[in-house]
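Thanks for making the time. I'll take one structure this morning and walk through parts of its fold.

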Amino acid sequence: MALVGVSGRLAGCYCLRAVRSLPFCSSLQVPALQLHISKTAMGACQKDFESAVNQVKLLKKDPGNEVKLKLYALYKQATEGPCNTPKPGLFDLINKAKWDAWNALGNLPKETARQNYVDLVSGLRSSSDSSSQVKSEADKKRAGYDTLVITSEDCITKIMLNRPAKKNALTTQMYREIMLALEAASKDDSTITVFTGNGDYYSSGNDLTNFTDIPPGGIEEKAKNSAILLRDFVDCFIDFPKPLVAVVNGPAVGIAVTILGLFDLVYASDRATFHTPFSHLGQTPEGCSSYTFPKIMGPAKAVEMLIFGKKLTAGEAYAQGLVTEVFPDSTFQKEVWTRLKAYSKLSQNAMHISKQIIRNHEKEKLHAINAEESRILQERWLSDECMNAVMDFFSRKAKL
Ligand SMILES: CCCCC/C=C/CC(=O)SCCNC(=O)CCNC(=O)[C@H](O)C(C)(C)COP(=O)(O)OP(=O)(O)OC[C@H]1O[C@@H](n2cnc3c(N)ncnc32)[C@H](O)[C@@H]1OP(=O)(O)O
C-alpha cells in the first residue's frame, strides 16, 4: 500500500515531471547495480540476492519508475536496514520519492527485503525479453492454487477457473482462492487482469454442494459464514484497481453472471449464455446486480433476468449492454487475446487512474448494496424454497 502511495504522490504535476526524468540505469539503479553488498545483507538467500542484483543489469525493457522505486527501496532495506537518512527537501523530488519508497518499508527485516527483491526481479525477468530462453508453461504458472490456473504474460494476469468437469462451479475454496488471486494481481506488474474458464463452461455459478456441507453450528452458522464469504468476495471485485476483463468462453450461470456488472470489459464467445435462475433456486440477486443490471440494461430487462430467470444469448447480452463484444467461437481466443495484448501495452498508470475516475464515486454505494444483498441471501438460504431447490438439483442428478 505504501508503494502505491508513492506512485499516487508522483501523479501530481511536479512529481510527474520528476519521475519522467528518472533514468533506468542511473540514479535509482546505482545502488542496485553496484555489487558492494554490505556484509549485513549476508544470509540464507545471499546468493540469490546477488544474482538478482546482476540480473537487473540485463533487463532490456525499462520496468517503469514505480518498479524501479520498489527495487531501490528493497535493495536499501536489504543492505542497510530501515531508512536511516534525513528526509530530503520538498523540492528534491527524485530523492524524496526514493526516500519515501525506502521509508515505507518500515522495519521490514533485511532477509524479507532480500527475498522480496529476488521475487520482484524474477517477475521482471519473466516479462522481459532480456532472457533468450523461452519460459515453459510450468514456469509461468503461479503455484499455490488448487482450483485456478494463474499465469502472467505480456503484462496480463490471467485467472482461469479450473474445474472443467464440474463446469467451473465455484466452491468455497475457489471463492477464497479467487480473492487471493485478485489481491496478488492488484499488486503484480501486470496492467490488466483477465478472468476466464477452462473447458466448455465459463462457470455454472455457485457450487450447490456448498450448501450441503453443514458445520457443527448448523445451517444458521453455514448461512452466516456463506454470507460473509460472499460479501468479502464481491468486495474484492468492487475494489479491484486495475482494468478487469471477463473472457466468457462458454455458458455462465448465477454469480458468474451477476459479478460481470463489476468488470470493465466483457468479451463473449457466441457460444456463451447468461443465466441467473435465482427464483428457480429460491434465491435473490447478488454481486451488486440488483443495482448494476438495471443501470446497465434498464429495469425491464434486468427484471426479466434477475426475477424471471430469462437466459440470454451472447447476442442478447451484448444488445443489453452486459457484454462489450461477441466473437465467433472459432476465432474467439485468437481475436480476444490479440486485442488484450495490444491493450496491455497502454500506459499502466493512466489506465488505473481512469478506472478510479470511472468507478470510485460509486464504490461506497456498491459496498452497501453488496452488504444488503448478502444479508438478504443469508435469510434466503435458510428458506424452504431454497433448500428444496438445492435438494431437487441433487435428486435430479441421482435419478440420472
Ligand atoms: C459462499 C456462497 C456464495 C453463494 C453465492 C450465490 C450464488 C448464486 C448462484 O450462483 S445461483 C447458480 C447456481 N448454479 C446452478 O444452479 C447450476 C446448476 N447446474 C446445472 O444446472 C447444470 O449442471 C448445468 C446446466 C450447469 C450443466 O448441465 P450439463 O447437463 O451440461 O452438465 P452436468 O449437469 O452433467 O454437470 C457436470 C457436472 O458438474 C456438476 N455441476 C455443474 N454445475 C454445478 C453447480 N453449480 N453446483 C454443483 N455441481 C455442479 C454436475 O452436478 C455434474 O457433476 P457429476 O458429473 O458429478 O454428476
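I'll go through the sheet, then a few residues in loops, then a pair of helices, and end on one alanine.

Please keep in mind that this is a predicted model.

Let's start with the sheet. Six strands make it up, in the order β1-β2-β3-β4-β6-β9, and the sheet is open. The pairing is mixed. β1 and β9, the latter covering 325-327, are the edge strands, and each of them pairs on one side only. On average, neighbouring strands here are turned by 20° against each other, if direction is ignored.

Now the strands at the β1 end. β1 covers residues 148-153, and its pairing with β2 is antiparallel, over six bridges. One of the residue pairs to look for is glutamate 153, whose bridge partner in β2 is isoleucine 156. For context, most residues other than glycine have a negative phi.

Is cysteine 155 buried, exposed or partly exposed? Its relative accessibility is 25%, so cysteine 155 counts as partly exposed.

Next, β2 itself, residues 156-161. Why can we call this strand largely enclosed by the rest of the structure? Because five of its six residues are buried; the cut-off for buried is under 20% relative accessible area.

On to the other partner of β2. β2 pairs with β3, residues 192-197, in the parallel sense, and there are six bridges. Methionine 160 stands opposite threonine 196 of β3. To get from β2 to β3 the chain goes through helix α9, residues 172-187, and this β-α-β crossover is right-handed. On the way, in the loop between β2 and α9, you will find lysine 167. Lysine 167 is another non-glycine residue with a positive phi, about 55°. With a relative accessibility of 32%, lysine 167 counts as partly exposed.

Threonine 193 stands opposite leucine 244 in β4.

Now the helix pair. Two packed helices are described by the angle between their axes and the distance between the axes. What are those two values for α5 and α6? α5, residues 65-80, packs against α6, residues 93-103, at an angle of about 55°, and the axes are 8 Å apart. The two helices are therefore oblique to each other. The crossing of α5 past α6 is right-handed. From α5, the contact is made by Leu69, Tyr72, Ala73, Lys76, Gln77 and Glu80. From α6, the contributors are Ala97, Lys98, Ala101 and Trp102.

Last item: alanine 389. Alanine 389 is in helix α17, residues 384-399. Its relative accessible area is 8%, so alanine 389 is buried. Leaving out residues up to four places away in sequence, which residues does alanine 389 touch? They are His280 and Leu281. As for proline 164, it is 225 residues from alanine 389 along the chain, and their C-alpha atoms are separated by 23 Å.

That's my list, and I'm happy to go back to any part of it.

Definitions and conventions
Residues numbered from 1 in each chain as written. Predicted model: local features only at pLDDT ≥ 70, side-chain atom pairs only at ≥ 80, totals over all residues. Heavy atoms only, no water. Buried < 20%, exposed > 50% of the residue type's maximum accessible area, 1.4 Å probe, protein only. Helix = DSSP H or I, 4+ residues; strand = E, 2+ residues; numbered from the N terminus. Pairing = 2+ DSSP bridges. Right-handed = clockwise from strand over helix to strand, strands pointing away. Axes fitted to C-alpha atoms, helices over the stretch in contact; angles between N-to-C directions. Parallel < 35°, antiparallel > 145°, perpendicular 65-115°, else oblique. Left-handed = near helix turned anticlockwise from the far one by under 90°. Contact = heavy atoms within 4.5 Å.
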